Amino acid sequence: MNMLGFDDAFRTAHKFRTSTDVSVRIASLSSLVMLKVIAWNDRPHERPQDPADINAIIDNYLEAGNFDRFYDENSDLVEMENYTIERAGAALIGRDLHQLCSRGPIVELKRILQKELELSERSLFFQQMAGYNNIEPYIGKIEIMLSNIE
């Protein structure tokens, strides 16, 4: 089991206290994207749900408590080419990963996703992400996410 990225996910986890005074940490959605990419890469045939989960996080990222931050701090993303809420979510995840993650996990995340982008239609990651349908919109979201990590 690859533990790369767990330190960053733990360090940046949201802290909550339950009504019974139990403290819990919950990984951020952007950290989950990173962890799922790395986990999927270790066992892609055993983890076919990870790419679909990543897509669900991307598509719902702004609605998951990030709208205010998007409009207040990242409104420049509205001007991106082919703007959609989903593409904006992908871009914001990239920016959040840049802020949250240390160099090692970012390098590995980018390596994995660049390899999958190079495979394009042959990429198992994108086939699983798209439910074996047209992968082009999914490729676009990952490209936007990666371009905003830097």
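Visitor: What links Lys-36, Arg-47, Asp-50 and Asp-53?
Guide: These four residues are joined in a network of salt bridges, a salt bridge being a side-chain nitrogen of Lys or Arg within 4 Å of a carboxyl oxygen of Asp or Glu. By this rule, 11 salt bridges are counted.
Guide: This is a predicted model, in which local features need pLDDT of at least 70 and side-chain atom pairs count only at pLDDT 80 or more, while totals for chains, interfaces and linings use all residues. Residues are numbered from 1 along each chain as its sequence is written, and side-chain values use heavy atoms, with hydrogens and water left out.

Visitor: How do you know that Arg-17 forms a salt bridge with Asp-21?
Guide: The closest N and O atoms of Arg-17 and Asp-21 are 3.4 Å apart, and the rule asks for a distance within 4 Å. The pair therefore counts as a salt bridge.

Visitor: Why is Arg-17 called exposed?
Guide: Exposed means over 50% relative accessible area, buried means under 20%, and partly exposed lies in between (1.4 Å probe, protein chains only). Arg-17 has 55% relative accessibility, so it counts as exposed. Asp-21, at 54%, is exposed as well.

Visitor: What makes Asp-59 and Lys-141 a salt bridge?
Guide: Their closest N and O atoms are 2.7 Å apart. This pair links distant parts of the chain, with Asp-59 in helix 3 and Lys-141 in helix 8, 82 residues apart. Helices (H or I, at least four residues) and strands (E, at least two) are DSSP runs, numbered from the N terminus. Lys-141 counts as buried because its relative accessibility is 7%, whereas Asp-59, at 22%, counts as partly exposed.

Visitor: How far apart are N and O where the side chains of Asp-96 and Arg-69 meet?
Guide: The N to O distance in this salt bridge is 2.6 Å. Asp-96 lies in helix 5 and Arg-69 in helix 4 (residues 67-73), so the pair ties together parts 27 residues apart in sequence. Asp-96 is buried because its relative accessible area is 10%; Arg-69, with 25%, is partly exposed.

Visitor: Which residues in helix 3 are buried?
Guide: They are Asp-50, Pro-51, Ile-54, Asn-55, Ile-57 and Ile-58. Seen down the axis of helix 3, these buried residues fall within an arc of 160 degrees, so they line one face. The arc is taken from the directions from the helix axis to the C-beta atoms. The buried residues of helix 3 pack against helix 2 (29-42), helix 5 (85-100), helix 7 (124-129) and helix 8 (136-147).

Visitor: Why is Glu-108 called buried?
Guide: Its relative accessible area is 18%, and the limit for buried is under 20%. Glu-108 sits in helix 6 (residues 103-119). Not counting residues up to four places away in sequence, Glu-108 touches Leu-4, Ile-38 and Asn-41, where contact means heavy atoms within 4.5 Å.

Visitor: Why does Ser-102 count as partly exposed?
Guide: Ser-102 has a relative accessible area of 35%, so it is partly exposed. It is placed in the loop between helix 5 and helix 6. Leaving aside neighbours within four places in sequence, Ser-102 is in contact with Asp-8 and Arg-11.
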